[in-house]
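Open the structure and keep it in view while you read. We will go from the pairing of the chains down to single residues and strands.

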Number of protein chains: 2
Amino acid sequence: MAYWIWFPHDFSIDLRGRVEMRRQEHGMTCPSIWRMDAPSRAVAFRRAYTLDAPGRARLFSQGEAYVCIDGASIPDRAQEIALPAGSHVLTVSVMSLTSLPALYLEGDVETDGSFFACENNVDFVPCGWSPAFCAPGKRPMDYCLPTRPLSPAGRTEEGLIDFGREVFGFLHLTSAAPGAYTVYYGESAAEALAGKQGETWDAGAFLRAGEEIRLPSRAMRFVRVDGPADLSAAWLEEEYNGLPWRAAFSCEDERLNAIYGVSARTMELCTREFFLDGIKRDRWVWAGDALQSVLINHYSYLDRATTRRTLAALRGRDPFNQHINTILDYTFYWMIAVWEDYFYTGDPSFLAGMYEKMVSAMDYTLRFTSADGFVVGQKRDWVFVDWADMRKEGELCVEQVLLWKALRVLADSAAVLGKAADAAAYAARAGALRDRILAVFWSEEKGTLLHQRVDGKVQGHTRYAPLFALLYGLLPADKARLATENTLLSDAAPAITTPYMRFYEMDALLRAGRTREVLEGVRAYWGGMLDLGATSIWEQFDPNETGGEHYAMYGRPFGRSLCHCWGAGPVYLCGRHILGVAPTAPGYAQYEVRPNPGDLRRVEGAVPTPDGSLSVRIEDGRVRVSSTCRGEGVLLWQGQRAPLPPCEGTEPVVVEL
Amino acid sequence: MAYWIWFPHDFSIDLRGRVEMRRQEHGMTCPSIWRMDAPSRAVAFRRAYTLDAPGRARLFSQGEAYVCIDGASIPDRAQEIALPAGSHVLTVSVMSLTSLPALYLEGDVETDGSFFACENNVDFVPCGWSPAFCAPGKRPMDYCLPTRPLSPAGRTEEGLIDFGREVFGFLHLTSAAPGAYTVYYGESAAEALAGKQGETWDAGAFLRAGEEIRLPSRAMRFVRVDGPADLSAAWLEEEYNGLPWRAAFSCEDERLNAIYGVSARTMELCTREFFLDGIKRDRWVWAGDALQSVLINHYSYLDRATTRRTLAALRGRDPFNQHINTILDYTFYWMIAVWEDYFYTGDPSFLAGMYEKMVSAMDYTLRFTSADGFVVGQKRDWVFVDWADMRKEGELCVEQVLLWKALRVLADSAAVLGKAADAAAYAARAGALRDRILAVFWSEEKGTLLHQRVDGKVQGHTRYAPLFALLYGLLPADKARLATENTLLSDAAPAITTPYMRFYEMDALLRAGRTREVLEGVRAYWGGMLDLGATSIWEQFDPNETGGEHYAMYGRPFGRSLCHCWGAGPVYLCGRHILGVAPTAPGYAQYEVRPNPGDLRRVEGAVPTPDGSLSVRIEDGRVRVSSTCRGEGVLLWQGQRAPLPPCEGTEPVVVEL
C-alpha cells in the first residue's frame with residue numbers, strides 16, 4: 001500500500017496557514033497574531049531497498065522531483081523509475097515554492113512511513129504521511145473536509161434565512177436578477193440584522209438571473225441577503241468533519257441530556273481540519289482551547305489524526321522564539337495535550353516526533369525564570385490565564401503550577417522514549433519547583449495557594465492556582481483538602497465566569513467527589529444558555545446579562561462567539577466522571593471504570609477506547625459494564641471492586657456490580 | 001516617494017528559492033542540498049504618522065491585507081484607506097501562502113524604509129525595501145533581470161549554432177514543421193555534440209510550422225537542435241544584469257588585457273539575481289564563491305544590491321542549525337563578506353541587519369569546538385577548503401585561521417554598531433584563539449603553520465593556513481616573513497590547482513610585494529585557458545590535461561563549469577594591487593592608492609568608490625591619479641607620498657608623482 005509522504009508535521013503546518021487564511025472579519029482577511037510558518041520548500045525522501053529482480057516504481061509528486069539511486073542522479077524525469085536489482089538506496093528530492101513538497105511512489109518500492117525525510121541533506125527523520133492520502137489522485141494539497149447539502153429550516157419574521165441551529169458551510173444563492181448583493185451572517189438573528197455591525201459578511205454581484213453562486217465557508221444560523229437573490233432556492237453546502245461520534249450519554253434528567261447534546265454539537269462544529277476555538281470569528285488553533293478539545297475528544301471521537309494535526313500545527317517550525325499563540329500558559333497546555341494524546345492512545349509515535357520540540361520550547365521557557373526558578377511573563381508574552389479581572393504582573397502561582405506539570409510531562413515523556421537522563425533531570429527540576437511553589441505561595445493563614453508574588457510580596461486569592469494544583473496532583477493530601485475547602489468550595493476567591501476555566505473547576509470538584517454541586521452548576525450555567533435558545537455553547541456566559549449583552553465581547557456588539565469549543569466540557573465530564581471511565585496505563589492497557597452519578601438514578605453511556613469501547617449502565621443502584629476493550633480494567637462501585645478482563649473476541653465482556 | 005516593503009531579507013530568501021529552482025541537470029530540476037527557506041507568510045507593517053488634516057492612502061499588496069488604525073481594524077477592504085488627522089499608528093498586515101507578503105501605500109502616508117515589519121506581533125524591525133520597486137506595477141514578485149536580443153555568431157562545421165562566446169539567456173526557436181525536438185546546450189562544442197552526456201538539454205514538440213518557442217534560460221556557447229527547427233531563425237533572448245561596469249584596466253601587455261577582459265566577462269555572466277558560482281551547472285549561491293565575487297565587485301560594479309541579496313539569501317532564516325551551504329569554512333567566508341560590504345560601502349545598515357544573524361551563526365559554530373577552542377568539522381559538516389587531495393580530519397589549522405578572522409569581523413562589527421561589550425568579548429576570544437593557533441600549529445622546524453592536528457599530532461604542510469594567516473594578518477612580522485618564504489614561495493607544500501585558492505594565494509603574494517611572480521602566474525594559468533579558446537574562466541584548469549579532460553569533473557564528462565566566477569580574480573588583483581586602490585576607512589572615507597605594476601611600464605585603469613571613482617595612470621615611472629572620491633586619500637609611489645584631497649565639486653582632483 002502506497003501513501004503520499006512529506007517532511008514530518010509540514011502537512012499540518014501548511015494546512016494551518018490555509019485554514020487561518022480563511023478567517024475574515026469585517027470584510028477583510030484577518031492575519032494570525034503569531035508567526036505563520038511555511039513548510040520546507042525542498043525535501044529529500046530516502047529509503048534503502050532490496051529487490052531480487054529489477055523493478056520499477058511510478059512517481060507522482062507535488063513539486064519538482066529529482067531521483068537518485070545510491071547518490072547518482074538518474075538521467076531521466078520519466079514518471080517511471082527503473083529500480084536495479086540488489087540492495088540500493090533510493091532518494092527522491094521534491095521542491096516546491098507554492099505547495100507542500102510531497103511524494104508518492106507505487107510499484108516495487110512504495111512510499112509509506114518507512115521513508116525518511118530531510119530538509120538539509122543531513123538530518124534524516126521519519127517522514128510524515130497519513131492513511132487519508134493513499135492514491136496518486138488523493139493528494140495532500142487537495143485535502144478538504146466532506147460536504148453535504150442542507151436546506152434552511154425556515155424563514156424568520158424579518159425575512160432571515162434560519163437554519164434552525166448553528167451550522168457551518170458554503171451558502172449557495174441563486175439570483176432572481178443581475179445586481180449587487182451583500183450577505184450578512186449571524187449566529188443570532190440580531191447579528192444578521194445588524195449589517196456591518198456584525199462580524200462576517202460577503203459582498204459581490206450577480207451577473208445574470210438564475211446564476212448560482214457558492215459563497216466562502218462561514219458559521220451561521222441566520223442569514224440576511226441584501227440583493228436580488230431567490231431566497232427560496234438558498235441552501236447550504238454544509239462542511240462537516242466526517243468522524244464517527246463514538247460516545248453516548250443519557251440519563252433521566254432531560255435537561256442534562258439536552259446539555260450533553262448541545263455540547264456534543266459544539267464539539268462537532270469545532271472539530272474540523274483542526275480543533276478550532278470557535279467557528280465564527282477566529283477559526284484559529286489556540287493551545288488553551290485545543291487542550292480542552294483533546295480532553296473532550298477522549299470521550300467522543302478519540303480521533304488521533306485531528307489531535308495530532310492540531311498539536312503539530314500549534315508548535316510549528318523552529319526557532320521557538322515566542323510562546324505558543326504568544327501566550328505563556330499556552331506553551332504548557334500544548335505540552336500537556338501532547339502527553340494526553342499519548343496516554344489515551346498508547347501510541348508513542350507522535351510523542352516521539354514532538355519530544356525535541358517540547359525540549360526546545362521548555363529551553364526557551366526556562367530562559368525567563370526568576371531566582372526561585374519561577375517563570376515570569378515577559379513584555380513579549382501574553383499572560384492570559386482567563387478572561388477575568390486579575391493582576392498578572394510578577395510571579396503568578398498558576399503559571400508555576402502549569403510549568404511544574406509541563407516539567408512532569410517532559411519527565412514522563414523522556415521515560416517513555418527511553419531517555420533516562422532527561423527523565424531524571426526534568427523530574428528533579430519539577431521536584432525542586434514544587435518545593436519552591438509550596439514554600440512561597442502556600443498561605444498557612446488562608447490554607448491555600450495564593451495568587452502571585454510581586455516585589456517579594458505574596459498576595460491575592462484566585463481559584464486558578466489551587467485548581468490546577470488539585471487537578472494535576474501537586475498538593476500533598478492535607479493541603480489538597482484545605483485548598484478544596486478554602487478555595488474551590490468557598491466564596492473567598494472570585495467566581496469563574498468562562499466555560500473555559502469552569503471546565504477545569506468542575507473537573508477538580510468531581511475528582512473531589514462533589515458530583516452533586518457540579519451537576520447543579522452544569523444545569524444552571526449550561527442550562528442557562530439553552531434557556532436563551534443556544535444551539536451550541538458560547539464563548540462566555542453571564543446569567544446577569546440581558547438581551548444584546550450576551551452577544552458583545554472585545555468591545556464589539558457581536559464579538560462573542562456563540563459556538564466555542566471550550567464550552568463543550570460536559571461531554572468530558574459525563575464520560576470521565578459520571579460514567580467514570582479513565583485509562584490508568586497508556587492506551588487503556590489498564591483502565592478503571594468508577595461511575596459517579598451523583599443524584600442521577602439512571603445513566604447510560606459509552607466511551608471509546610483505542611480498540612473498542614466501554615458501555616456503562618447505571619440503574620437501581622447497580623452498574624453494568626460492557627467492554628470490547630483489549631486492556632485490563634477494573635470496575636469500582638460503592639466500595640466494591642470487580643475485574644474487567646480483556647475482551648479477546650468479538651463478544652463484549654460484561655460485568656455487573 | 002513610495003516603495004514596496006516586506007519583512008527584511010525575505011525578498012532575497014524568496015528569490016533565492018526561485019532562482020535555485022531553475023537549476024536543471026540531466027533533464028531534472030535539481031534540488032539544493034541545504035535547507036531552502038520560505039519567506040514569512042504573514043507580516044505586520046507598522047508606522048506612526050501625524051497628519052494636520054484627514055488624509056488617504058491607496059493600498060496595493062502581494063497577498064491579503066488587513067488594516068488597523070491605532071490597533072482597531074477598519075471595516076473595509078477598499079483600496080483606499082481613510083487616514084484620520086492627528087497622530088496615529090497605522091498597521092497593515094499582509095498574508096500570502098504562495099508569494100512574498102509585500103505592501104505598497106501611496107498618498108498621505110507612503111511605504112518606505114521608515115516602516116517596521118513583524119512576523120509575530122512583538123518583534124518589530126526595520127522593513128525590507130528596494131529602490132527598484134517604486135510603483136504599484138513594479139512588484140517584488142515580478143522581479144526579473146533585463147533581456148535583449150542576440151543573434152548567433154555563426155554555425156560550426158557540425159551544424160551547431162555558435163554564439164561566439166559564452167552567453168546566457170532564453171533560446172528562441174522557430175519550427176520548420178511540426179514534430180519533437182531536443183535542444184542540447186554546450187559550453188564547448190564537444191558538450192553540445194555529446195547529447196545526453198552533456199549537462200543540460202530541453203525537449204518538447206513543435207505543434208505547427210512557423211511556431212516560435214522560448215526555451216528556459218540556460219548557459220551556452222554552442223547549441224545542437226535535433227528536430228524540425230529553422231536554425232536560420234534562431235536567436236537568444238540574452239538575460240543580463242543591467243549594471244554599469246565601473247572599472248577599467250589596460251596595459252602594454254595585450255595578453256594581460258585579454259585576461260582582464262575575459263575575467264570581467266566571467267564576472268558579468270555570474271552577476272545575476274545573486275552572485276552565482278557559475279551559470280551552467282549549479283547556478284547556485286555558494287558563500288565561498290560569493291566572497292570572491294564580493295571582492296571582485298569592489299573593483300567592478302561596486303553594486304551593493306547584488307551583494308546584499310546574495311548575503312541575506314545565504315544566511316536564510318533561523319534556526320541556524322547547519323553551516324552555510326553545509327560547509328564549515330563557508331560560514332566564515334559569509335561573515336567576512338558581510339564585513340567587506342560594510343568596509344567598501346561605508347553603509348552600516350546591512351551590517352546592522354545581519355549582526356544578530358552573525359551572532360547566532362557564531363554561537364552555533366562555537367558549540368563544536370575542542371578544548372583549545374578549535375573548531376572541528378562534525379559528521380554533519382562538509383569541510384571543503386579546496387578541490388584538492390588533502391586530509392581533513394581533526395583540527396585543521398586553516399579552519400582556525402578563518403574562525404579567528406570571523407571572530408575579528410564580529411568584534412569589529414559590534415564596535416561599529418556601538419555594542420562595546422560584544423566587541424570586547426569577541427576580540428578577547430579572537431586573541432586567545434590566535435595564541436592557541438600559534439602555540440599548536442606553528443612549527444619552529446618548518447618555519448610555518450602546519451596543516452592539522454589529529455590525535456594530538458600536528459602534521460602536514462599545505463598552503464591554506466599560512467595563506468589566510470598572511471592575508472588576514474594573523475602572523476606577527478617575523479613569522480609572516482618565514483611563512484611567506486617557507487610556504488608561499490616554496491615548493492614544500494603541494495601547488496594550488498583551482499582558480500579559487502589561487503585567488504587568495506595571489507592576493508597574499510601581492511601583499512608581500514611579489515608582483516612579478518604573480519603576473520607570470522596569471523599569464524601562464526589564465527592565459528593557458530585563453531590559449532584553449534576560453535571566453536570565460538573555468539572552474540578548474542590543469543595545464544597538463546588535454547582535450548576532453550578539460551571538460552570533465554565530478555565523474556561526469558562535461559561536469560566542469562567553463563564560466564565560474566571564482567576565476568575572475570584578475571579583476572580584483574588588477575584594481576586592488578596593480579592599481580593599488582583600497583579604502584583604509586569604511587566607505588573610502590580614507591583610502592590609499594599604492595600602485596604596484598611589477599614589470600608593467602604603462603598601466604591605465606579605474607576603480608569605483610561609493611561616491612565617485614579613482615583613475616590611475618602609470619607611465620614612464622610616474623603615476624597620475626584623477627579622483628572624484630569624496631574621501632581623503634593618499635598616493636604612495638616609490639617611497640613618495642602625496643595627499644589626495646577630497647573631491648568637492650564636479651571637477652576631479654588630480655595628483656601626480
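Contact here means heavy atoms within 4.5 Å. This is a predicted model, in which local features need pLDDT of at least 70, side-chain atom pairs count only at pLDDT 80 or more, and totals for chains, interfaces and linings use all residues. Residues are numbered from 1 along each chain as its sequence is written, chains are lettered from A and ligands numbered from 1 in the order in which they are written, and side-chain values use heavy atoms, with hydrogens and water left out.

Start with B:E20. Leaving aside residues up to four places away in sequence, B:E20 touches A:M95, B:C30, B:S32, B:W34, B:M36, B:W284 and B:V285. B:E20 lies in helix α1 of chain B, residues 10-20. Helices (H or I, at least four residues) and strands (E, at least two) are DSSP runs, numbered from the N terminus. Is B:E20 buried or exposed? B:E20 is buried, with a relative accessible area of 1%. Buried means under 20% relative accessible area, exposed over 50%, and partly exposed in between (1.4 Å probe, protein chains only).

Now look at the two chains together. In all, 50 residues of chain B are in contact with 50 residues of chain A. The size of an interface is often given as the accessible area lost when the parts come together. Chain B and chain A bury about 4200 Å² between them, 60% of it on carbon and sulfur atoms. Buried area is the accessible area (1.4 Å probe) that two parts lose on being put together, summed over both. On the chain B side, B:M28, B:R41 and B:M95 lose the most area to chain A, together 17% of what that side buries.

Charged side chains meet here too. The rule finds four salt bridges across the interface of chain B and chain A. A salt bridge is a side-chain nitrogen of Lys or Arg within 4 Å of a carboxyl oxygen of Asp or Glu. One of them joins the side chains of B:D123 and A:R380, at 2.5 Å from N to O.

How are the copies related? A rotation of 180 degrees with 0.1 Å of shift along its axis superposes chain B on chain A, with an RMSD of 0.0 Å. Copies are superposed by least squares on the C-alpha atoms of residues with pLDDT of at least 70 in both. The two copies are thus related as by a two-fold rotation axis. The same surface serves both: 100% of the contact residues of chain B recur in chain A.

Next, two helices of chain B. Helix α4 (residues 287-298) holds B:Q292, which is buried at 0% relative accessibility. Beyond four places in sequence, B:Q292 touches B:Y500, B:F503, B:Y504 and B:W566. In helix α14 (residues 569-578), 10 of the 10 residues are buried, so this helix is largely enclosed by the rest of the structure. Just after α14(B), B:G580 takes a positive phi of about 80 degrees.

Finish with a sheet. Five strands of chain B form an open sheet in the order β21-β29-β30-β31-β34, with antiparallel pairing. Two strands pair if DSSP finds at least two bridges between them. Strands β21 (248-251) and β34 (653-656) stand at the edges, each with a single partner strand, so one side of each is left without a neighbour in the sheet. Six bridges join β30 (residues 612-619) to β31 (residues 622-627) in chain B; B:I618 has B:V623 as its bridge partner. Four bridges join β31(B) to β34(B), where B:R624 partners B:E656. In a regular strand the side chains alternate between the two faces of the sheet. In β34(B), B:V653 and B:V655 are on a covered face, while B:V654 and B:E656 are on an uncovered one.
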